[in-house]
Amino acid sequence: MSEQVKQQEQQGERLQKVLAQVGLGSRRTMEEWISAGRITVNGEVATLGMRVTEDDVVRADKRIVHIKTNSSSLPRVLLYHKQEGEIVSRDDPEKRANVFDKLPKLRGMKWIAIGRLDFNTSGLLIFTTSGDLANRLMHPRFEVEREYAVRVQGSMTDEQMEQMVKEGITLEDGPVKFEKLTDEGGEGYNHWYRLMLKEGRNRIVRRTFDALGLPISRLIRVRFGIINLPPRLKRGALAELGAGEVSQILDWVGMESKPITEKAAERTGSKAGKFDNEIMDAGLKNRKPGTGMSAAPHGKTDARRSATQFKNKVRP
């Protein structure tokens, strides 16, 4: 093989990586799409390991994908304060309120929801344009922490609380055990608890409390990984993370992040190379996913609030 041919083969980036970066899905999913013949490059069916540049015409299911192979660019990350009564799905036969309808439009990419919330659950919902980042935060093997404030009808016994963090509760799809559970008090029949777990099975928090005979009357996600729900982010409102904050998340999940330029920082309203300490959980920012629980990021005064703030605006 000539040196010229070798140089040509090394140009660009691997196709599955580029497709994941633009938000079509995780890298593994993109590999499955390529193997199934759903991806073409310059009119030819793509193969695994193929490299592409921005000059190549890439199509997924005959739809053109606008690719970017500039590794210094950062994915976009949005925070949304989900309200009860909204679904996290693009397809709904009942035509209910859809969180995706509120997101800024993208060209050649799509928003990926990180960790869905059910119809009656509110709180922190994260969106990104990076399939790789979404996979790192959601895949069970990374054991990323999810923290919730939950209000139940009634109150737990000491024995039930101990069982939930030690032995766990057996559900129809397997056992569940909370990493942390604290009593946040309450008035009358309603009682607040704060809990943390490292998995995101469908309706797992609600099903666990139902198994104990304690129906949930309100459920709020207040943290996902190192990202807290900013109390100043009103229900139904969006906010976009700055370049420094996105770089911090990429570093935390073990993804490569290039140095942030002043120009890139200006586009996201963030200082170059800096992140907002009040958004990122101070006890987790130096921990890698699955390495254990940090000290509680906020006190017992209000189980529904997270000690964070947010200032950035969403780009169109």
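Glu147 and Arg194 are both buried, where buried means under 20% relative accessible area, exposed over 50% and partly exposed in between, with a 1.4 Å probe and protein chains only. Their side chains meet in a salt bridge at 3.3 Å, N to O; a salt bridge is a side-chain nitrogen of Lys or Arg within 4 Å of a carboxyl oxygen of Asp or Glu. The pair links distant parts of the chain, with Glu147 in strand β10 and Arg194 in strand β14 (residues 190-197), 47 residues apart. Helices (H or I, at least four residues) and strands (E, at least two) are DSSP runs, numbered from the N terminus.

Please note that this is a predicted model, in which local features need pLDDT of at least 70 and side-chain atom pairs count only at pLDDT 80 or more, while totals for chains, interfaces and linings use all residues. Residues are numbered from 1 along each chain as its sequence is written, and side-chain values use heavy atoms, with hydrogens and water left out.

Let me stay with the charged pairs. Side chains of opposite charge can pair when their charged atoms come close. The count comes to 17 salt bridges. One of them joins Arg206 to Asp118, the closest N and O atoms being 3.1 Å apart. This pair also links distant parts of the chain: Arg206 belongs to helix α6 (residues 204-211), whereas Asp118 sits in the loop between β8 (112-114) and β9 (122-128), 88 residues apart. Arg206 and Asp118 are both buried.

A further salt bridge brings together the side chains of Arg223 and Glu145, at 3.1 Å from N to O. Why does this pair tie together parts that are 78 residues apart in sequence? Arg223 lies in strand β15 (residues 216-224) and Glu145 in the loop between α4 (131-138) and β10 (146-153), so the pair connects those parts. Arg223 is buried, as is Glu145. Elsewhere, Glu172, Asp173, Glu199, Arg201 and Arg207 are linked in a network of salt bridges.

I turn now to strand β9. Seven of the seven residues of β9 are buried, so the strand is largely enclosed by the rest of the structure. Which strands pair with β9? Strand β7 (residues 77-82) pairs with β9 in the antiparallel sense over six bridges; two strands pair if DSSP finds at least two bridges between them. Within this pairing, Tyr80 stands opposite Leu125 in β9. Strand β8 is joined to β9 by three bridges, and these two strands run antiparallel; here Ile112 stands opposite Thr128 in β9. With β15, by contrast, β9 pairs in the parallel sense, over two bridges. The bridge partner of Gly123 in β15 is Arg221.

There is also an open sheet of four strands, in the order β3-β2-β5-β6, with antiparallel pairing. Its edge strands are β3 (44-45) and β6 (63-65), each of which pairs on one side only. Strand β2 (residues 39-41) and strand β5 (residues 58-60) are joined by three bridges, and Ile39 stands opposite Ala60 in β5.

Next, the nonpolar side chains. In soluble globular proteins, nonpolar side chains tend to be buried together. The largest nonpolar core has 32 residues, and those with the most contacts inside it are Phe127, Met156, Leu195, Val205 and Phe209. Such a core is a set of buried Ala, Val, Leu, Ile, Met, Phe, Trp, Tyr and Cys residues joined through side-chain atoms within 4.5 Å. The elements that give two or more residues to this core include β7, β9, β10, β14, α6 and β15. Not counting residues up to four places away in sequence, Phe209 touches Val150, Val152, Met156, Met164, Phe178, Leu195, Leu214 and Ile216, a contact being heavy atoms within 4.5 Å. A second, separate core of 28 residues includes Leu137, Leu229, Leu241 and Trp252.

I close with the chain as a whole. How many helices and strands are there in the chain? The chain has eight helices and 17 strands. Of its 316 residues, 47% count as buried. Among contacts with a separation of 6 or more, residues 24 or more positions apart account for 67%.
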